[in-house]
Amino acid sequence: MEVRVISMKEIESLGISVVEVMEVVEKGFRLKGEGKVELPAKIGIHPRHDCFIHAMPCFVGGEVDAAGIKWVSGYPINQGKGLPYISGVMCVNDPETGFVKAIMDASWITAWRTGAATGVCARYMADPDSETIAVVGLGVQGRTNTVALAKALPNIKVIRAYDVYESQAAKYKETIRKDLPEFEIILCGSVEEAVKGADVVVTCTPIVANPNRFVKSEWLKEDCLAIAVDYDSAFKAEIMVKANAFVCDDKNQYLWTQKQGVYFQKGYPTESEILGDMGDLCAGKIKAPRKGRRGAVLMGIASHDIMTANLILEKAQEKGIGKIVEI
Ligand SMILES: NC(=O)c1ccc[n+]([C@@H]2O[C@H](COP(=O)([O-])OP(=O)(O)OC[C@H]3O[C@@H](n4cnc5c(N)ncnc54)[C@H](O)[C@@H]3O)[C@@H](O)[C@H]2O)c1
C-alpha cells in the first residue's frame, strides 16, 4: 500500500481558509440530512480522569464518496505540561478498495472543522444582523470559533472574550488581531461581563464529566444564540431546555451520548425537546427561528473530519505535498 503522510506543517502550507472548510462541513451536514452518510456514534476510551481518546469513522456517500477515521485524544491535563489539549491522526480510505490512501495530522482538522461547524450553525440559526459575539475559553477552539463566526456573520463588529487564565486571553487577543484585524476585541474580567448583550455566545472550555455549568441564563439577552462546543460543561441546562429552538449536530450521537449517563444529564433537552439536527437544517428539512433564545450543542461529528481531510488530500495531491510511504 502506498500511503500519503501529511504533517500539520504541510497542511498549514496549503493555506486552506475557514470559509473553504465551512463549505465542505456544510455539504457533509446536508448529505447527512439526506441520509447519504454513515456515521456511527463515536466510541472512546478514558485512560486518565476527564481525558478521552475517540474513534470516529465515517463514510460520506453521494457526490463526495469519501471514507476514513479519526483517532483523536483530548487531555485537559496537557495544559499544565505546555502541551496541546487535542492531538491525533486522520486516516483516509479509498472507498473502492478499502485501502488506506492517506494518514495526516488531525489537530489542524479538529481545530478548524469545529470552528467551521459553529460558523455553519450561525449561518442557519443566528440573527443575520448579529453584531457582537462572546467567546468563553480562549484556547485553540476559542480562536477557530471566533474566526468562523466572524466570517459567517457579515455584521459582526465586536468580539467579547473571557478565559480563566489572563495569559491565554492575552495570547488569544494577539492571534485574533492578526486573523481579524478589523474587529474590536474586548477581553473581559468575568464570564458574565463577556456574555452580557452578545448576539451569539460560544463556549470552548474543557469538557468534564461533572461540569459546573457556570454560564447563567439571566446573563444572556433574550435574542441570543448559545452554541456549546464543550458539551454541557458551560451552559446551564435551562438555557438549552427553555430555548425556542434546540439543535444538535447529530441527533443520534447526542441521544447515544446522553444514554451513556455522563453528559447531557441533569436537565439537558431530551429527544422530544430537540427541534432537529444540523443535517436536517442544512438539508432543508427543518427551519430554525432567527430571534429569541436559541441553543445548539455541537459535539463534533466524523463527517466534518472526512470532508476536511478529503479537501486537504485533494490539495496535497495537486501540489505534491506529503510523503509517500510504502506500508
Ligand atoms: N465539539 C467539538 O467538535 C470539539 C472539537 C474539539 C474540541 N472540543 C472541545 O472544545 C474545548 C476546548 O478545546 P481546545 O482545543 O480549545 O482546548 P484548549 O486547552 O486549547 O482551550 C481551553 C481553554 O479554556 C480555558 N478554560 C478552562 N476553564 C475555563 C472556564 N471555566 N472559563 C473560561 N475559560 C476556561 C483554558 O484556560 C483554555 O484556554 C474542549 O472541551 C474540547 O473537548 C470540541
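This is a predicted model: local features need pLDDT of at least 70, side-chain atom pairs count only at pLDDT 80 or more; totals for chains, interfaces and linings use all residues.
Residues are numbered from 1 along each chain as its sequence is written, and side-chain values use heavy atoms, with hydrogens and water left out.

**Stop 1: K221 and its partner.** K221 sits in the loop between β11 (200–203) and β12 (224–228), and D199 in the loop between α6 (191–195) and β11, so the pair ties together parts that are 22 residues apart in sequence. Helices (H or I, at least four residues) and strands (E, at least two) are DSSP runs, numbered from the N terminus. D199 is buried, at 13% relative accessible area.

**Stop 2: salt bridges across the chain.** Select E26 and R123, whose closest N and O atoms are 2.9 Å apart in a salt bridge. Helix α2 (residues 18–33) holds E26 and helix α3 (residues 107–125) holds R123, a link between distant parts of the chain, 97 residues apart. Then pick D127 and K291, which meet in a salt bridge at 2.6 Å, N to O. This pair is 164 residues apart: D127 is in the loop between α3 and β8 (132–136), K291 in the loop between α9 (278–282) and β15 (293–297). Is D127 buried or exposed? D127 counts as buried at 14%, while K291 is partly exposed at 47%. For a network of salt bridges, show R30, E34, K36 and E63 together. The whole structure has 17 salt bridges.

**Stop 3: two domains.** Color domain 1 (2–109 + 303–326) and domain 2 (126–300); the bounds come from an automatic or database domain assignment. Their C-alpha centres lie 23 Å apart. Across the join, 20 residues of domain 1 are in contact (heavy atoms within 4.5 Å) with 25 residues of domain 2. The two domains bury about 1700 Å² between them, 62% of it on carbon and sulfur atoms. F29, A41 and K42 supply 29% of the area that domain 1 buries against domain 2, more than any other three residues. Buried area is the accessible area (1.4 Å probe) that two parts lose on being put together, summed over both. The domains also share two salt bridges.

Stop 4: Most residues other than glycine have a negative phi. Now select D50, not a glycine, with a positive phi of about 60 degrees. D50 is in the loop between β3 (43–45) and β4 (52–60) and is partly exposed at 24%. Next comes F264, also not a glycine, at about 55 degrees, again positive. Look for F264 in the loop between α8 (251–259) and β14 (276–277); at 1% relative accessibility, F264 is buried.

Methods: Buried means under 20% relative accessible area, exposed over 50%, partly exposed in between (1.4 Å probe, protein chains only). A salt bridge is a side-chain nitrogen of Lys or Arg within 4 Å of a carboxyl oxygen of Asp or Glu.
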